[in-house]
Each structure stands twice: as C-alpha cells, then as structure tokens.
Amino acid sequence: QENVDPQKTAFLLRKAWTLYSVTPLYRFHRARLRDYARLLSAFIAAEKQKGLAVEVGVELDIKVAVSSLADLRGSEQDQAAILVQLSLRSQASSRNSEDKLVWLGWFCSVYGDDLSENVPEDFTCLPLFLTHGAESYTSMVGSWFQKTFDCCFRRLAISPLNLSWMVAMWAGCTLDRATCAVELVFSMPHLSQPLDISYAIHPEDAKALWDTVQKTPGEITQEEVDVFMDCLYAHFHRHFKIHLSAAKLVKVSTAVASAHCDGIVKILHSQYLPGVLMLLTELAISQIQ
Amino acid sequence: HLATSLPLPSERDHLRPRMDLIVFMIDIKSKYSLKNVEASLAHVDASFFLGKVCFLVTGVGRVNACSIETNAVCKLGEAYCSPVLFCELELEGIRAATAQRLLRMLQICAGHIPGVSALSFVSLMRNSDDD
C-alpha cells in the first residue's frame with residue numbers, strides 16, 4: 001500500500017472527519033455500486049417527500065455517486081474503500097456549471113484482519129466509516145445502509161488512553177518540516193464552569209523526548225507511552241503546580257494528524273495516512289467486538 | 001476514616017483506632033489517582049497485605065473516558081497480593097452492592113466472622129480469579 005497515489009487521496013487530507021464504527025455489511029456487491037447510488041438517491045428524494053430531515057439550508061435535490069477506491073486498503077485481505085459522494089444538482093441550465101459537493105462519506109478497512117478473519121462469506125468488512133458534511137445527510141445515508149445491508153453504525157469515541165497513544169506516535173514521526181506545535185487539550189473535571197487547558201510543545205522537543213523513550217524503532221509499548229506522558233505531566237506540574245494527569249485529555253494535535261475524543265480526526269500528511277487509518281480501523285473493530 | 005493519600009499525619013496517631021481494612025480507590029478517568037495510590041502503598045506496613053488491603057477501581061461504566069489501562073491495575077493487585085474490585089459509583093445499584101461487599105470484607109478483616117480469617121478469604125478470592 002505504499003503505492004497509494006497521493007493525488008487520489010489528497011481529498012482526504014485537511015478535512016475534519018467524524019468517525020463511526022460499522023458492523024459487517026450483508027450481501028454488499030462491489031459490482032452493483034451504480035445501482036446502490038440510484039437506490040440511495042431515490043431514498044433521499046423519498047425522505048424529502050415525507051418532509052423528514054428538513055433543515056434550513058439543506059437541499060434535497062441530490063445526486064449520489066458511489067465508487068470504489070482500489071488503493072485505499074492495508075493488506076490484500078482488506079476490502080478496498082468505498083466512497084459515497086452527495087452533490088447538489090446544478091440548477092443552471094448551462095453545461096459548464098458543476099455540481100456542488102455537499103457531503104462525503106467513505107468506508108474503509110486498513111489491516112482489519114482481526115474482524116474479517118472471523119466473518120462468514122456473505123459479509124463485507126469495512127469497519128471504519130468517516131463523514132464530512134451535514135449531520136442530516138449522514139443520518140440519511142446511514143439509515144439507507146442499515147436498512148439495505150443490515151449493518152449497525154455507532155459513533156466512535158476515542159478515550160484519553162487512546163489519545164495519548166496517538167500523540168506519542170504522531171509526535172515521534174519524522175517530518176521534513178515540523179510545521180506546527182504538538183498540542184494537548186485537557187478538560188478540568190468537577191468545576192462549576194468548564195475549563196480547558198491547552199498545552200503546546202515545540203514539535204522538535206516532543207520528538208526529541210519520544211526518541212529518548214522509544215527503545216525499538218517501529219514498535220511502541222504502553223510503558224513507553226506512559227513514560228512520555230508522565231514527562232509531559234511532570235514538566236507542566238513543575239511550572240504550574242497543576243496535575244494534568246487528573247484531568248481528562250480531550251484533544252491532541254500534531255503536524256501528522258489531530259484527534260478529538262468525540263471521534264473527530266483530521267489527517268494532515270499523506271505519508272502517514274495508512275498509519276493513521278490502521279489505528280482508527282483498530283479502534284473501530286474494538287468498538288464492534 | 002478517609003484520606004487523600006498516605007502516610008496519615010502522625011500528630012493524631014495516638015487517637016487513631018486499629019485499622020482493619022485499607023481500600024485504595026483508583027478513578028479510571030484519572031491517571032493521577034493511580035500514581036497517588038502507588039506512592040501511598042509504600043507507606044503501608046507489610047502485614048496489611050495479608051488480606052487487609054483491597055483496590056477499588058471506580059468509573060468503569062464510562063469506557064470512553066478511561067485514562068488508565070485496566071491491565072495495569074490488575075498487575076498492581078497481583079504485585080501486592082490484594083483483590084481488585086471494579087465498580088461504577090454513579091449507578092445506585094452498583095454503589096449499594098459494592099458497599100455491601102466492602103462491608104462484608106471489613107467484617108472478616110475485623111475478625112467478626114468466626115472461622116474465616118482475612119488471609120483465608122483473600123486466598124479464596126485469588127483462586128477464583130485464576131479460574
């Protein structure tokens with residue numbers, strides 16, 4: 001999967017994706033993608049007729065495209081990703097006016113062998129679903145898939161434990177130019193008014209710290225992540241006398257990617273796209289199982 | 001008796017009754033609570049670890065808020081030969097059941113249950129864990 005064409009996946013970068021876990025799809029056939037697009041389009045039009053999902057600014061004269069992203073997968077066992085695009089049909093009669101893309105969603109599996117190994121033949125495993133666009137569209141697309149393929153969508157939350165893995169891994173990545181700080185956002189508990197603390201670290205310092213902690217390149221252990229986080233907590237406590245370890249880690253940001261505990265990620269660097277997707281696939285699978 | 005950490009202040013040593021059971025509370029949402037417990041363990045006399053110590057992990061209902069690996073806590077329990085109980089204090093039913101369990105353990109540790117000693121009880125709990 002090093003052959004992933006960066007041009008084809010460029011549209012995935014620098015967008016805030018909302019994450020869901022999806023159970024395996026029953027009797028999903030890759031040859032029928034055009035049919036599915038037509039059926040989904042009809043479903044959305046029907047929803048409009050029913051007067052459901054009516055929201056100010058949400059148009060329902062929607063064109064649906066469903067396509068396969070052959071390169072977006074981890075191993076040969078993974079199913080290739082499926083992309084669903086919703087565009088607003090252009091009102092103007094002129095041929096040159098383009099449809100406006102209003103919603104994007106894609107299913108993928110990167111090294112999702114843990115799930116696909118144990119599943120009967122009629123099922124297609126694409127445990128990670130990422131969406132960008134209005135929630136009302138997400139809910140319509142989700143309903144159609146649930147009805148048609150008997151699957152189940154759930155928002156994928158990311159625990160502070162998993163966020164600390166992400167920040168340790170991503171802070172340690174080698175980049176040509178470290179463009180932005182490593183930032184951790186904590187929410188302080190038990191206060192009458194919400195209080196967030198943002199802790200920003202120079203990316204070179206963060207990488208230097210991770211390099212002293214990590215013993216085997218390419219391998220990360222829970223102990224190493226703990227040591228990395230403890231160093232950050234100790235440094236903060238020395239200066240501000242606050243124990244960040246008693247607060248809830250809610251968001252991490254690095255030059256590679258950023259992630260929020262509500263299950264929202266932004267991937268910034270194409271080089272690390274497979275690595276980030278692999279981690280998210282793993283989280284989705286553990287939420288399903 | 002409630003305390004946020006050990007050791008207890010020495011000024012009141014002479015007024016303190018005998019301690020029969022120590023329950024270390026660890027909040028799964030707070031890494032700090034685990035560190036605090038680990039530091040406090042060093043101040044406990046070795047004789048307590050013969051059945052008079054137990055670890056209580058709270059907040060387990062919210063899997064998405066956890067900052068501590070449950071493995072780490074189980075390993076702590078194994079290292080100190082003491083049982084680890086998991087509970088969710090926000091649910092009244094579980095809160096009541098946990099309180100009853102602790103009370104039962106306390107009765108055994110204080111010697112109020114004839115025929116069962118703290119040590120025999122804790123080895124009973126450990127054997128059932130291994131199964």
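**Chain B and its side facing chain A**

Hi everyone, let me start with one residue pair: B:Lys31 makes a salt bridge with A:Asp226, and their closest N and O atoms sit 3.6 Å apart. Please keep in mind that this is a predicted model.

That pair belongs to a wider interface. Between chain B and chain A, three salt bridges turn up by the rule, along with five residue pairs in polar contact, both partners at pLDDT 80 or more.

How many residues are in contact here? Twelve from chain B meet 13 from chain A. The two chains bury about 1100 Å² between them, with 53% of that on carbon and sulfur atoms. On the chain B side, B:Lys31, B:Tyr32 and B:Asn64 lose the most area to chain A, together 48% of what that side buries.

Now to the fold of chain B. Its three strands make an open, parallel sheet, ordered β1-β2-β3. β1 (22-27) and β3 (84-87) are at the edges with a single partner strand each, so each has one side without a neighbour in the sheet. On average, neighbouring strands are turned by 25 degrees against each other, ignoring direction.

Strand β2(B), residues 53-58, is joined to β3(B) by four bridges, and B:Leu56 has B:Leu85 as its bridge partner in β3(B).

Finally, the helices. Helix α1(B), residues 31-41, lies across β1(B) and β2(B), at about 155 degrees to β1(B). Helix α2(B), residues 70-79, packs on the sheet and touches β1, β2 and β3 of chain B, its direction making about 145 degrees with that of β3(B).

Terms used
Residues numbered from 1 in each chain as written. Chains lettered and ligands numbered in written order. Predicted model: local features only at pLDDT ≥ 70, side-chain atom pairs only at ≥ 80, totals over all residues. Heavy atoms only, no water. Contact = heavy atoms within 4.5 Å. Buried area = accessible area lost by both parts, 1.4 Å probe. Salt bridge = Lys/Arg side-chain N within 4 Å of Asp/Glu carboxyl O. Polar contact = N/O pair within 3.5 Å; in protein donor to acceptor, adjacent residues only side chain to side chain. Pairing = 2+ DSSP bridges. Helix = DSSP H or I, 4+ residues; strand = E, 2+ residues; numbered from the N terminus. Axes fitted to C-alpha atoms, helices over the stretch in contact; angles between N-to-C directions.
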